[in-house]
Amino acid sequence: SQYDQNIDATAQEKKTLQTEINRLKKEIDRLSLEVRRTGVLIRSVEDQITTKEQDIAQAETHIDKMRIRLTELLRRIWHEEKRSIWDILLTDDNLNDFANNLTALLILQDRNNLLLNEIRGAKTALEAEREDLNERQDELSQTAKIQTLQRQQQEAKRQERNQLLAL
């Protein structure tokens with residue numbers, strides 16, 4: 001009879017709709033997990049960025065201290081180099097003092113070169129860390145965009161499920 005056919009068709013439609021609702025629920029759950037996973041990833045990258053920023057600040061402080069030491073060394077070298085031969089002979093008690101001063105000057109120049117190389121190395125490392133930080137911030141931005149898209153997909157699936165439930 002027509003009535004039985006309508007009942008069967010309605011039952012089949014209900015079963016199809018229930019299957020679709022279940023599929024949408026699974027998709028929503030999957031997207032929800034993705035959103036949470038992305039959120040954890042974002043927090044992890046943010047923590048890494050914070051740590052990297054602190055490392056950079058420490059490196060900058062270290063470089064500043066090295067620059068101060070370099071300035072002091074350059075001042076001492078300049079002062080020693082400025083002395084005339086007569087000044088050296090008159091102020092130093094003997095040639096041994098002169099030789100000691102000359103050795104000290106050479107040591108200062110060596111320290112100066114070492115410190116300058118250390119500053120260059122620290123600056124290069126700092127620039128590399130800043131570049132790494134910028135890359136991580138770009139990754140974070142991309143991840144945040146992905147999370148936004150995932151949330152939009154999740155909301156669209158919820159709306160689709162709700163429309164099916166309203167039938």
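Start by selecting Glu131, Glu135, Asp138 and Glu139: together they make a patch of negative charge on the surface. Keep in mind as you look around that this is a predicted model. Now zoom in on one member of the patch, Asp138. Aspartate 138 sits in helix H3, which runs over residues 95-166. Buried or exposed: which is aspartate 138? Aspartate 138 has a relative accessible area of 53%, so it counts as exposed, the cut-off for that class being over 50%.

Stay on helix H3 and pick Ile107, which also belongs to this helix. With 42% relative accessibility, isoleucine 107 falls in the partly exposed class.

Next stop, something buried. Select Thr38 in helix H1, the helix that spans residues 2-82. Relative accessibility is 2% for threonine 38, so it counts as buried. Which residues does threonine 38 touch, once those up to four places away in sequence are set aside? Show Thr143, Gln147 and Gln150, and you have them.

Hop across to Gln150, which takes you back into helix H3. Glutamine 150 is buried too, at 8% relative accessibility. Look at the contact from this side: leaving out neighbours within four places in sequence, glutamine 150 is in contact with Leu31, Glu34, Val35 and Thr38.

Time for the salt bridges. How many are there? The count comes to eight, and we'll visit a few.

Select Lys52 and Asp132 to begin with. Their side chains meet in a salt bridge, 3.4 Å from N to O. Lysine 52 is in helix H1 and aspartate 132 in helix H3, so this pair ties together parts that lie 80 residues apart in sequence. Lysine 52 is buried, with a relative accessible area of 18%, while aspartate 132 is partly exposed at 22%.

Now go to Glu60 and Arg130. Glutamate 60 forms a salt bridge with arginine 130, and the closest N and O atoms are 1.8 Å apart. Here again a residue of helix H1, glutamate 60, pairs with one of helix H3, arginine 130, so parts 70 residues apart in sequence are tied together. Colour by accessibility and you'll find glutamate 60 partly exposed at 31% and arginine 130 partly exposed at 36%.

For a pair within one helix, pick Arg67 and Asp64. The salt bridge between their side chains has an N to O distance of 4.0 Å. Why do these two sit about one helical turn apart? Because arginine 67 and aspartate 64 are three residues apart in helix H1. Arginine 67 is partly exposed, with 42% relative accessibility, and aspartate 64 is partly exposed with 42% as well.

Definitions and conventions:
Residues numbered from 1 in each chain as written. Heavy atoms only, no water. Helix = DSSP H or I, 4+ residues; strand = E, 2+ residues; numbered from the N terminus. Buried < 20%, exposed > 50% of the residue type's maximum accessible area, 1.4 Å probe, protein only. Contact = heavy atoms within 4.5 Å. Patch = residues over 30% accessible without salt bridge, like charges linked within 9 Å, V, L, I, M, F, W, Y side chains within 5 Å. Areas by Shrake-Rupley, 256 points an atom, 1.4 Å probe, with all protein chains shown as cover. Lys, Arg positive; Asp, Glu negative; His and termini not counted. Charge placed at Lys NZ, Arg CZ, Asp CG, Glu CD.
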